[in-house]
Amino acid sequence: MLRKGLQEQGTLVVGVHSGFVDTDLSSWVDAPKITTADVAEQTMEALANDRWEVLADDETRQAKAALSQPLHAEPGR
């Protein structure tokens, strides 16, 4: 609801979602990481194109796609 209220005053709220970003905070993690430059570029592109969400990496896109899948597969499908 906050996003909608701010939109009415001309403010775009962009949710930026990512897995591990290559920063000092994630230096201990031995997993694929996205660069800070890539996150920043995608975020600026979203702002320029009035998009309200950034799914910055493959893991995040896969997680979002999984949200629309049924919890249990039906037999025979």
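**Salt bridges, core and surface of the predicted model**

Lys-64 is partly exposed, at 35% relative accessibility. The structure described here is a predicted model. Lys-64 forms a salt bridge with Glu-53, and their closest N and O atoms are 2.6 Å apart. Lys-64 lies in helix H3 (residues 58–67) and Glu-53 in strand E2 (residues 53–55), so the pair ties together parts that are eleven residues apart in sequence. Glu-53 is also partly exposed, with a relative accessible area of 21%. The cut-off for burial is under 20%, so Glu-53, at 21%, counts as partly exposed.

A search of the whole structure finds three salt bridges. Side chains of opposite charge can pair when their charged atoms come close. The bridge between Lys-64 and Glu-53 is one of them. Another joins the side chains of Asp-58 and Arg-61, at 2.8 Å from N to O. Both residues belong to helix H3. They are three residues apart, about one turn of the helix. Asp-58 is partly exposed, with a relative accessible area of 47%. Arg-61 is partly exposed as well, at 38%. In a further salt bridge, the side chain of Glu-45 meets that of Arg-51, with an N to O distance of 3.5 Å. Glu-45 has a relative accessible area of 41% and is partly exposed. Arg-51 falls into the partly exposed class too, at 33%.

The largest nonpolar core consists of six residues. Its members are Val-14, Ile-34, Val-39, Ala-46, Val-54 and Ala-56. Ile-34 illustrates the contacts of a core residue. Residues up to four places away in sequence are not counted here. Ile-34 then touches Val-39 and Ala-56, among others. Val-39 and Ala-56 are themselves members of the core. The contacts of Ile-34 also include Phe-20, Val-21, Asp-22, Gln-42 and Asp-57.

Gln-42 lies in helix H2. Gln-42 has a relative accessible area of 18%. Burial requires under 20%, so Gln-42 counts as buried. A polar atom of the Gln-42 side chain lies 3.0 Å from the backbone oxygen of Ala-56. Ala-56 belongs to the largest nonpolar core. With neighbours within four places in sequence left aside, Gln-42 is in contact with Ile-34, Val-54, Leu-55 and Ala-56, among others. Arg-51 and Arg-61 are also among the contacts of Gln-42. Arg-51 is the salt-bridge partner of Glu-45. Arg-61 is the salt-bridge partner of Asp-58.

Ser-26 touches Phe-20, Val-21 and Lys-33, not counting residues up to four places away in sequence. Phe-20 and Val-21 are also touched by Ile-34. Asp-24 is found in the loop between strand E1 (15–17) and H2. Asp-24 is exposed, with a relative accessible area of 74%. Asp-24 and Leu-2 are 22 residues apart in sequence. Their C-alpha atoms are 32 Å apart in space.

The surface carries a nonpolar patch of about 400 Å². Leu-12, Met-44, Leu-47 and Trp-52 make up this patch. Leu-47 lies in helix H2 (residues 36–48). At 37% relative accessibility, Leu-47 is partly exposed.

Asp-50 lies in the loop between H2 and E2. Its phi is near 55°. This is a positive value in a residue other than glycine. Asp-50 is exposed, at 60% relative accessibility.

Beyond helix H3, Ser-68 is placed in the segment that follows. Ser-68 is exposed, with a relative accessible area of 59%. A polar atom of the Ser-68 side chain lies 2.9 Å from the backbone oxygen of Ala-65.

Key:
Residues numbered from 1 in each chain as written. Predicted model: local features only at pLDDT ≥ 70, side-chain atom pairs only at ≥ 80, totals over all residues. Heavy atoms only, no water. Core = buried A, V, L, I, M, F, W, Y, C linked by side-chain atoms within 4.5 Å. Buried < 20%, exposed > 50% of the residue type's maximum accessible area, 1.4 Å probe, protein only. Contact = heavy atoms within 4.5 Å. Salt bridge = Lys/Arg side-chain N within 4 Å of Asp/Glu carboxyl O. Helix = DSSP H or I, 4+ residues; strand = E, 2+ residues; numbered from the N terminus. Patch = residues over 30% accessible without salt bridge, like charges linked within 9 Å, V, L, I, M, F, W, Y side chains within 5 Å. Areas by Shrake-Rupley, 256 points an atom, 1.4 Å probe, with all protein chains shown as cover. Polar contact = N/O pair within 3.5 Å; in protein donor to acceptor, adjacent residues only side chain to side chain.
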